[in-house]
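Hi,

Here is the structure I said I would pass along.

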Amino acid sequence: MKFTLSALATTATLALTAGAAQAQAVSCGGIGDVGQWIGGNPTTSDISTSEGPLTLTNQPIPLDGNVVSLFTLSADGDVRIEAQPVGNGDSVIELYDESGTLVITDDDSGGGWASRAETQLAAGNYCMLTRGFAGGGLSSDIRVGRLEHETITTGLTGGFFGGGGGSLFVGVDPCTNETAAAPLGSGPLDDLLANGGATAVNTITGTPYYRFTLNSPQTISVRADNPNADPYIYFFDGNGELLAENDDSQVGGSYSLNSRIDFTSPLQPGTYCIGMRALSNPDLPVTVSVVAYSQADALAELYATGEAAPPMDGSYPIVDMGVLPGRSVRDAQISGTMATWFSMEVPEAGALVINAVEVTDSDPLIILYNDLGQEIAYNDDANGTLNSELVARVAAGRYLLAVRQYSDNYQGIIRIATERYVPAPN
């Protein structure tokens with residue numbers, strides 16, 4: 001094989017460049033091995049000296065994958081990291097130092113589904129990891145800058161919650177052995193889990209972290225409840241490694257503003273920590289609980305709240321509406337978020353319209369399932385009111401309808417109306 005002089009020179013240059021890049025790579029415990037310098041190289045990726053923020057535009061993030069952006073600081077300083085999804089998608093960001101220690105993580109502090117965290121960092125090299133929430137794929141703009149630099153996210157005051165401008169929004173610092181945390185329970189939780197679990201009520205401002213220990217393998221459910229505070233929970237092991245996180249637990253086809261993490265496989269003995277922040281008001285009391293997880297109890301709770309359809313074998317109370325006529329109306333006393341279930345027989349294919357209307361003290365929420373337990377339609381508020389309406393194309397067969405209140409603040413009567421429509425004959 002023959003090479004020209006220019007080809008040999010080019011090959012040598014590429015080899016030197018690759019060697020230099022490899023020598024300058026940042027490991028961050030292995031996370032940075034697949035990373036790229038956000039400014040192109042270490043010198044131009046120094047946030048301390050950059051004239052403006054450094055941005056990677058429209059970065060594709062595959063399912064169950066991530067993008068790692070490397071940057072450096074030549075001096076201690078405040079830094080902002082952001083991920084702004086392009087189109088649909090829900091980003092999550094994590095920041096690691098050169099040793100691979102998680103520094104901070106965030107999901108939605110950028111407003112909407114965008115991520116944003118602002119924190120003080122010591123001089124050194126860092127790896128910013130951007131991924132999709134729950135492993136989802138997306139494309140995202142990624143930015144690192146100082147606090148005086150222009151942002152690509154709005155922050156919470158300009159996002160879901162209205163308003164303008166921005167404040168200092170951060171994710172949550174990892175809970176390590178050095179982190180001050182309130183004890184949950186007076187000792188290991190093993191005995192408490194057999195008797196209802198452990199619960200504490202405090203503001204997130206006053207108590208952002210809770211710590212507890214397990215002496216034996218346990219399956220648990222971790223919860224944070226107060227929708228007006230909109231709590232976000234993070235779950236760490238004793239070394240500060242993030243094991244799980246949750247913002248809004250799912251209810252039917254929508255999400256509540258409470259948070260919940262279920263560990264269906266046993267957690268091993270050791271120390272664990274719950275970290276929290278509020279996406280709304282951190283000065284409201286939030287009920288934090290760790291309870292035993294069992295599949296039977298979890299299914300019963302899902303049936304009770306309408307999140308899953310119960311079997312129609314007589315083992316769970318269901319009001320049988322029989323074969324639906326062209327139109328039907330009935331009233332039901334519905335107490336809080338405990339769902340009342342109705343079964344109905346649709347005699348022929350067509351369209352089904354269901355309305356749930358307040359009679360007294362109600363904010364109705366309705367979910368329609370088929371006989372296999374698959375969700376067909378969901379609605380909370382319709383037509384600019386607190387009443388609910390859903391329209392679904394249905395085949396002949398049996399269906400289940402869950403009717404509940406939006407929150408436990410409502411205990412009134414809901415009027416449920418059904419209307420069937422069939423295709424006109426040819």
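**Disulfides in the model**

There are two disulfides in this structure, and please keep in mind that the model is a predicted one. Counting the bonded cysteines along the protein chain, the pairing goes 1-2, 3-4.

Let's start with C28 and C127. Their sulfur atoms sit 2.1 Å apart, and the two form a disulfide. The torsion about the S-S bond of C28 and C127 comes out at about 90°, so this disulfide is right-handed. As for where the two ends lie, C28 is in the loop between α1 (5-23) and β1 (36-37), while C127 belongs to strand β8 (residues 124-132), so the bond ties together parts that are 99 residues apart in sequence.

Are these two cysteines buried or exposed? The cut-off for buried is under 20% relative accessible area. C28 has 1% relative accessibility, so it counts as buried. C127 has 0%, so C127 counts as buried too.

Now for the other pair, C175 and C273. These form a disulfide with their sulfur atoms 2.0 Å apart. The angle about the S-S bond is 80°, and the link of C175 and C273 is right-handed. This pair joins distant parts of the chain, 98 residues apart: C175 is found in the loop between β9 (138-145) and β10 (182-183), and C273 is in strand β19 (residues 270-278). Both C175 and C273 are buried.

Cheers

How values were computed. Residues numbered from 1 in each chain as written. Predicted model: local features only at pLDDT ≥ 70, side-chain atom pairs only at ≥ 80, totals over all residues. Heavy atoms only, no water. Disulfide = S-S within 2.5 Å. Helix = DSSP H or I, 4+ residues; strand = E, 2+ residues; numbered from the N terminus. Buried < 20%, exposed > 50% of the residue type's maximum accessible area, 1.4 Å probe, protein only.
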